[in-house]
Structures are given as structure tokens and as C-alpha cells.
Amino acid sequence: MGYRQGSVMKATMNKEEYAEFVVAVDEIKAKANININHSVTYDGDNFIVEILDEDINLAYLDEILLDKEEQV
């Protein structure tokens, strides 16, 4: 789904994957007050999402999301 170009993360998502991404971005903002700067372009039925923050720690963001899921 995603790959790194230089130090930027880029992913092609379908409608459902993009909806999950938006929810995750909102959860990270609510729980850890972290803004994930990203751009979205459209290619047919796909969403191409590019994370604009070069120093983002994806493992840490995963931990935030997993911690939130465990508390539910």
C-alpha cells in the first residue's frame, strides 16, 4: 500500500482504506495532539496520500493507535 520516496511516505489507497486513514489521523490528533501533515490527490478510484512530515515516526503513531484500540 505505501512506500517511502526519500524520507516521505506515499500510499495509494482505495475509498475504504482512505476512510480508515482519516479516522486514524483524527484519533492521533485527539489522543497525542500530533498533526500529520499530508496531501491527497486522486487517480480514478484511488486516493494518493503523501505524508509531508519527513521526521514522522510511524512506529510511534502505530503505538498510539494500538493503545487506543486496547482501551476500548
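This is a predicted model: local features need pLDDT of at least 70, side-chain atom pairs count only at pLDDT 80 or more; totals for chains, interfaces and linings use all residues.
1. Leaving aside neighbours within four places in sequence, S39 is in contact with I48, V49, E50 and L52. S39 belongs to strand β3, which covers residues 38-43. One of the contacts, V49, lies ten residues away in sequence, yet the C-alpha atoms of S39 and V49 are 5.7 Å apart in space. S39 is partly exposed, as the relative accessible area of this residue is 27%.

2. Next comes the nonpolar core. The largest one has 15 residues, and those that touch the most other members are M13, Y18, F21, I28, I36 and L61. Two or more residues come from each of these elements: β2 (8-13), α1 (15-32), β4 (46-51) and α2 (58-71). Helix α1 gives the most, with five residues. As background, nonpolar side chains in soluble globular proteins tend to be buried together.

3. F21 deserves a separate point. Not counting residues up to four places away in sequence, F21 touches M13, H38, V49 and I51.

4. The structure holds three aromatic pairs. One of them is formed by Y18 and F21, with 6.3 Å from centre to centre and 25° between the planes, and this pair is stacked. Y18 and F21 are separated by about one helical turn, because they stand three residues apart in helix α1. Y18 counts as buried, with a relative accessibility of 18%.

5. Y18 also pairs with F47. The ring centres of Y18 and F47 are 4.5 Å apart and the planes meet at 5°, so this pair is stacked; planes under 30 degrees apart count as such. Here the partners come from distant parts of the chain: Y18 sits in helix α1 and F47 in strand β4, 29 residues apart. F47 has a relative accessibility of 15% and therefore counts as buried. Taken as a group, Y18, F21, Y42 and F47 make up one aromatic cluster.

6. Which residue has a positive phi although it is not a glycine? The residue is N33, with a phi of about 55°. For comparison, most residues other than glycine have a negative phi. N33 is found in the loop between α1 and β3. With a relative accessible area of 56%, N33 is exposed; the cut-off for exposed is over 50%.

7. The last point concerns charged side chains. The count of salt bridges comes to one. In this salt bridge the side chains of D67 and K31 meet, with 2.3 Å from N to O. D67 is in helix α2 and K31 in helix α1, so the pair ties together parts that are 36 residues apart in sequence.

Key:
Residues are numbered from 1 along each chain as its sequence is written. Side-chain values use heavy atoms; hydrogens and water are left out. Helices (H or I, at least four residues) and strands (E, at least two) are DSSP runs, numbered from the N terminus. Buried means under 20% relative accessible area, exposed over 50%, partly exposed in between (1.4 Å probe, protein chains only). Contact means heavy atoms within 4.5 Å. A nonpolar core is a set of buried Ala, Val, Leu, Ile, Met, Phe, Trp, Tyr and Cys residues joined through side-chain atoms within 4.5 Å. Rings of Phe, Tyr and Trp (its six-membered ring) pair if their centres lie within 6.5 Å; planes under 30 degrees apart count as stacked, over 60 as edge-to-face and the rest as tilted. A salt bridge is a side-chain nitrogen of Lys or Arg within 4 Å of a carboxyl oxygen of Asp or Glu.
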